[in-house]
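Biologist: I'd like to learn how to read a protein model. Could you walk me through a few features, one at a time?

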Amino acid sequence: MGPLLRAAILSAALLLSVVVSGEAHGIGDFLNIFRPRNEHDYFHNANQGQQEEENVRPRASDQQNLITAPVSRSGLMKVPARSAPTAAAKDTVVLPVDNAAGFPGAWSTVTENAGVSAMHMVIMRNDRAVMFDTVTTGPSLLRLPKGNCRLDLRSKEPGAQDCAAHAVEFDYATGGIRALKILTDVWCSSGALDADGNLVQTGGYFEGEKVVRYLSPCASCDWREYPASLAEGRWYGTQQALPDGRSIVLGGRRAFSYEFVPAEGQKNAQATNLQILRDTTDDVENNLYPFVHLLTDGTLFIFANDRSIVFNYQTGQVVRELPVLPGGGRNYPASGMSALLPIDLRRGADAVSPEVIVCGGTPKNAFRLGEANQFNPALRDCARINPLKPDARWAIDQMPVSRTMGDLLILPSGDLLMLNGAARGCSGWGFARQPVLTPLLYSPRQPRGSRFRALAATTIARMYHATSAVLPDATVLVAGSNTNSAYNFTGVDFPTEVRVERFTPPYLSPERAANRPAIELGTVPGGGMAYGSRFTFQFSTPAQAVAEADIKVTMYAPPFTTHGYSMNQRLVVLSVADFDAHWNRYTITVDAPGKPEIAPPGYYLLYVMAKGVPSKAAWVKVHK
C-alpha cells in the first residue's frame, strides 16, 4: 500500500470516527489539524478558557509586579514570595526509595534564582550551561544590561522594547549567571552542537520560526541570528547532527517535511516532504518533537506519535517501516521519552546492534481531556527495538509509575536516568497533575522486570518546560518548569520555577569515593581523537588499585534538551587496546570510533569508570 493511499484511508477513517462518535469535535476540527492553530489554543487552561484578542499574550497576576520590581546591579530580581501550596501542588507521586542497592542518590540546590526558567538547556564545552525560555511569557527575573534591550517585534507599539533577558549562560559550579540577548522568539525550538562545539539552534515561534541562531562558547559571546534561513517554520521541530557535520531539522507544527540546516548566513529555498509526519498527525497532533536517532549505519530512526521508520536522508527513501507501538501517543503533547541505548564497541564495530528505547506518553485523547480539565493517567510502558533488524519488534517493559513530560538521560555508566514529569495529563499550560518527584534508574543490561530502581526524591515539581543535563562531573543539572503562561509565583497550582538543582546519582556515593578515578588532563592529547586511531591518556585512583577488568571508558555527546527530549544524546563505550598500571597511576589506550556514523564529529565528554565509579570528564574533540 503506497503512502498516499494509506494517508487517504487514514483520513477517511478519522473523518468517519468523528461522525460516528457524536462528540463535540466536528469535521471542521479534524480538518483544522492541517491548518495553523491559533496561539491561544495553547493558552487554554492558563487563561481558564477565556478568549483574548488576536496576537495579545496572556497576562498573569505577577506580570505587572515583575515589570516594576527593583533590580540589582547584576540585573537579577528577587524571587517573589510563592503562595501556599494548593491541593493540586500537594498531590505528588513519591515512590518508596530502593535502598537495597545502597546509596539512592542525593539532591542539592545550585541556585535559588537563575533569572530565567529553563525551557531549553545545553551544556557547552566551556563548562557552562546555556538555558533559555520563550519571549512569549513576558518579563523574566533578569534584565538585560542597560541600553541593550531587544526590539519587541510582537508589540502593537512601534519601536517597543523588551528589556528582560530570556536566556542565560549559567556557571553550574558557582551559580553565576550572564544574561544573553535573544532577538527572536525561541519558543519550542530545536538545536544541536556542531563539530566545533558551537550551538546551532533552529526555529521557534512567530518571527523566530525560520531563524537559525548560533552561540559560541566564550565569556563574551552572544547570539548570532539569521532570519528566514529555513524554508519552513520549525515550531516543535527536531534537529539531528549528521556524520558529515551538518544538521537536519525535521517536523514542527504544520511542517510535514525536513531540510538541512544551511551554512551560517545562508538560506534554504525549499524543504522536502516527509510523509510519516503527515500520516501520524491526529486531531491534537501527538507527533511534534519527533524522536530522531542516528543509527550506526548512517540512517535515521524517526518516531512520530506511535509509528516509526528507518530513513535514508541521503536518498530521501524510507528503508523500513517498523511495527506500530500500541498504547497511545508518544510525542508532543503526549510527550513520552526516548534515547538511543549506549553503543558498546568492546566487541568490535561489526557486533554493534543499535537499540532505541521509548518510554511513557499518554493516551491519544489526553490533550482533549485536558481542555476540559480532566487528567487521565499517563502511560507506564517502556519499549525497546533494534531498528536495523529485518524482523524488528518492540519488547515491552513496565515502569514503576506512569510518566509524561519526563527527561531520559544516559549516565556515564551506561544506565539511564528518568526524572521530572507528571503521572496524569499531558504537555500544555495547566494540562497535567500529579508531578512525579521520584527519579528512576534504568539498567538496560538487566533482565526485563528487574531494570528499574526508585531513587531519592526531589521536593520540587518539574513538569511542563522542565529540563535536565548530565554534567562533566557526572552529576545531573535540573532546572525549569513553567506550567503558566507567564512568570507567575502566586495564585497558581505550580509556580514558575527558577531554582536549579543538582542530582548526585548512586555511583557517586560517599562510601565509594576511594574508587573515584581522576583523568590527568595534561596527558589528554590536545589534538583530539581521530576516527580509527588510538587514543592514550593517564588517570589515577586515590586509594584502591584497579585492574583492566575494573575499567570502562565512555564518551558522551551532550544533548540539546527541551520538552522531555534530549536531541543528539549519545554514549559510546570504547574498546581498551592497552592498559598499564604503576601503583595507583594508569596509562590507558582506547580505540577511537572507526567512523562518524558511530559518533558524529564534535566535542564529547570522556569518562573513565573504575569499579562503577565515574571520573570527572575531559572534553575531547572527535574528528576526521
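Biologist: Let's begin with a sheet: in what order do the strands E1, E31, E32 and E33 come?

Modeller: A quick word on the ground rules before that. This is a predicted model, where local features need pLDDT of at least 70, side-chain atom pairs count only at pLDDT 80 or more, and totals for chains, interfaces and linings use all residues. Residues are numbered from 1 along each chain as its sequence is written, and side-chain values use heavy atoms, with hydrogens and water left out. Now the idea: helices (H or I, at least four residues) and strands (E, at least two) are DSSP runs, numbered from the N terminus. Two strands pair if DSSP finds at least two bridges between them. Here the four strands form an open sheet in the order E1-E33-E32-E31, with antiparallel pairing. At the edges are E1 (106-111) and E31 (466-470), each of which pairs on one side only. From one strand to the next, the twist averages 25°. For such angles, axes are lines fitted to C-alpha atoms, for helices over the stretch in contact, and angles run from 0 to 180 degrees between N-to-C directions.

Biologist: How many bridges join E32 to E33?

Modeller: Three bridges link E32 (residues 476-480) with E33 (residues 500-504). One place to look is Val-476, whose bridge partner in E33 is Phe-503.

Biologist: And which strands stand at the edges of the sheet with E16 in it?

Modeller: That open sheet has four strands in the order E16-E17-E18-E19, paired antiparallel. Strand E16 (291-294) and strand E19 (317-321) stand at the edges with a single partner strand each, so one side of each has no neighbour in the sheet. Ignoring direction, neighbouring strands of this sheet are turned by 25° against each other on average. Four bridges join E16 to E17 (residues 300-304), and Phe-291 stands opposite Phe-303 in E17.

Biologist: Which strands pair with E40 in the antiparallel sense?

Modeller: Among them are E37 (residues 551-557), over five bridges, and E41 (residues 585-591), over seven bridges. By contrast, E21 (residues 343-344) runs parallel to E40 (residues 570-582), joined by two bridges. Check Val-573 in E40: Asp-344 stands opposite Val-573, and Val-573 is also the bridge partner of Thr-554. Further along, Ala-581 stands opposite Tyr-586 in E41. The hairpin of E40 and E41 has two residues between the strands, and there Trp-583 takes a positive phi near 60°.

Biologist: How many aromatic pairs are there?

Modeller: Rings of Phe, Tyr and Trp (its six-membered ring) pair if their centres lie within 6.5 Å; planes under 30 degrees apart count as stacked, over 60 as edge-to-face and the rest as tilted. The whole structure has 27 such pairs. In one of them, the rings of Phe-539 and Phe-579 have centres 6.5 Å apart and planes at 40°, so the pair is tilted. Phe-539 lies in strand E36 (residues 534-540) and Phe-579 in E40, so the pair ties together parts 40 residues apart in sequence.
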